[in-house]
Amino acid sequence: MKLIVTIPALNEAETIGAVIREIPREIAGIAQVEVLVLDDGSRDDTIGEARRAGADYVVSHPINRGLAATFKLALNEAVTRGADIIVNTDADNHYDQARIPELIAPLLAHEADIAIGSRLIDELPMKPANKYGNKAANYIMQRLLGVPDVDVSTGFRAYTREAAMKLNVLSDHTYTHETLINALDQRMTLANVPIAARHVERPSRLIRGIASHVLRAGGVILRSFLLYKPMQVYGALGAALLLLGAVPFARYGWFLAQGEGDGHVQSLVVGSALWFVGGQMFITGLLAVAIGWNRRMMQETLFRMKEDRADAAQTQRGLKNAPARRLTAIESEAELEERRIEDAA
């Protein structure tokens, strides 16, 4: 088993060295541990510090592309480098890298596809706005979207190779919320691994302002909700409009029973309009569900394409024993040579 720890970084020269050095290079059940740093257009010496600290790979964006795009690249790069398990962490030393063996344990035991290193938010000395904002995001996603009881905003997570290839990141702001919803939509299993995080004094590179972050993260959650659970949204809106439309009909019926139906036709007009729009909401929801079926087929096709591309990249790098075609201890030299010829072809 090969583990690659991915570290998206933006101007983290002060801390990235400590993060890399804290990563355990020997873990039970893992034959090889490598570190992949994704530099998102840093203007300080992040790249130099990462290399001096022992990073195995450094991939750099010439300009800043944002956390979501960098995370997406991190998964792709780790998969093409032969990772069986991918751990994503932050470069600001927020997480305890020594706890990586605990984080990946559910994956090694084949109990989960993704392990979430949930921070103990109540124990962190966060600003009240940050702390209660995190709690609000947890509550919304757990109650409305059916996400398990995990820290939905943490970036300290472990992914199996297959899970990494199946995930699709569409957001241009943050990936943490969208990938959880996407994973549940694809019937992946999540494991919660509570791990205390460290307090970081410096301002967040992602959250420039609480209000703007809430709006952008809320937009990501809403779009994900519409994409992955459309019938819950449009069905709820349709039901609400149908119930609301029943009120003017009931009003007209009451006046009609009193013999005063004349002059209250507007109630019928309003009720009919509300029922019409409510019906349209249900139809829209059904169409969205049908589109969702097509999206799932496209996701499966995309997964196969990513798998083929990763295998091709591994062959070019000389990784003949890719996870999808792992050699066993009992294969003969002749069989091994035969596979090498097949790979070369």
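Start by selecting Arg198, which is partly exposed, with a relative accessible area of 28%. (Buried means under 20% relative accessible area, exposed means over 50%, and partly exposed is in between, with a 1.4 Å probe and protein chains only.) You'll find Arg198 in the loop between E7 and helix H8 (210–228). Helices (H or I, at least four residues) and strands (E, at least two) are DSSP runs, numbered from the N terminus.

A quick word on what you're looking at. This is a predicted model, where local features need pLDDT of at least 70, side-chain atom pairs count only at pLDDT 80 or more, and totals for chains, interfaces and linings use all residues. Residues are numbered from 1 along each chain as its sequence is written, and side-chain values use heavy atoms, with hydrogens and water left out.

**Zoom out**

Show the whole protein as a cartoon, and you have eleven helices and seven strands to look through. Of the 345 residues, 46% are buried. Switch to a surface view: the protein exposes about 17,700 Å², with carbon and sulfur atoms supplying 59% of it. Those accessible areas come from the Shrake-Rupley method with a 1.4 Å probe, and for residues only the protein chains shown count as cover. How much of the contacts with a separation of 6 or more comes from residues 24 or more positions apart? The share is 71%, where contact means heavy atoms within 4.5 Å.

Next, select residues 100–108, which are helix H4, and colour the buried ones: Ile100, Leu103, Ile104, Pro106 and Leu107. They sit on the same side of H4, because they cover an arc of only 140 degrees around the axis. (That arc is the one of the directions from the helix axis to the C-beta atoms.) To see what covers them, bring in strands, including E1 (2–9), E4 (85–88), E5 (114–116), E6 (157–160) and E7 (190–192). Just after H4, stop at His110, where phi is positive at about 60 degrees.

**Two asparagines in loops**

Step back to Asn93, in the loop between E4 and H4. Its phi is near 65 degrees, a positive value in a residue other than glycine. Asn93 counts as partly exposed, at 22% relative accessibility.

Then jump to Asn11, in the loop between E1 and helix H1 (16–22). Asn11 has a positive phi too, of about 55 degrees, although it is not a glycine. At 26% relative accessibility, Asn11 counts as partly exposed.

Select residues 46–53 for helix H2, whose buried residues are Thr46, Gly48, Ala50 and Ala53. They pack against E1, H1, strand E2 (32–40) and strand E3 (57–61). H2 is followed by Gly54, with a positive phi near 110 degrees.

Now pick Gly41, in the loop between E2 and H2. Is Gly41 buried or exposed? At 17% relative accessibility, Gly41 counts as buried. Not counting residues up to four places away in sequence, Gly41 touches Leu10, His61, Pro62, Ile63 and Asn64. Draw a line from Gly41 to Ile63: they are 4.5 Å apart, C-alpha to C-alpha, and 22 residues apart in sequence.

**Last stop: helix H3**

Select residues 67–80. This is helix H3, with 14 residues, reaching 20 Å from its first C-alpha to its last, close to the 20 Å expected at 1.5 Å a residue. (The expected span is 1.5 Å times one less than the number of residues.) Buried residues in H3 include Phe71, Leu75 and Val79.

Another one to click in helix H3 is Thr70, which is buried, with a relative accessible area of 2%. Leaving out residues up to four places away in sequence, Thr70 touches Pro8, Leu38, Asp40 and His61.

Show side chains where they meet: Asn76, Val79 and Thr80 in H3, with Arg309, Ala310, Ala313 and Gln314 in H10.
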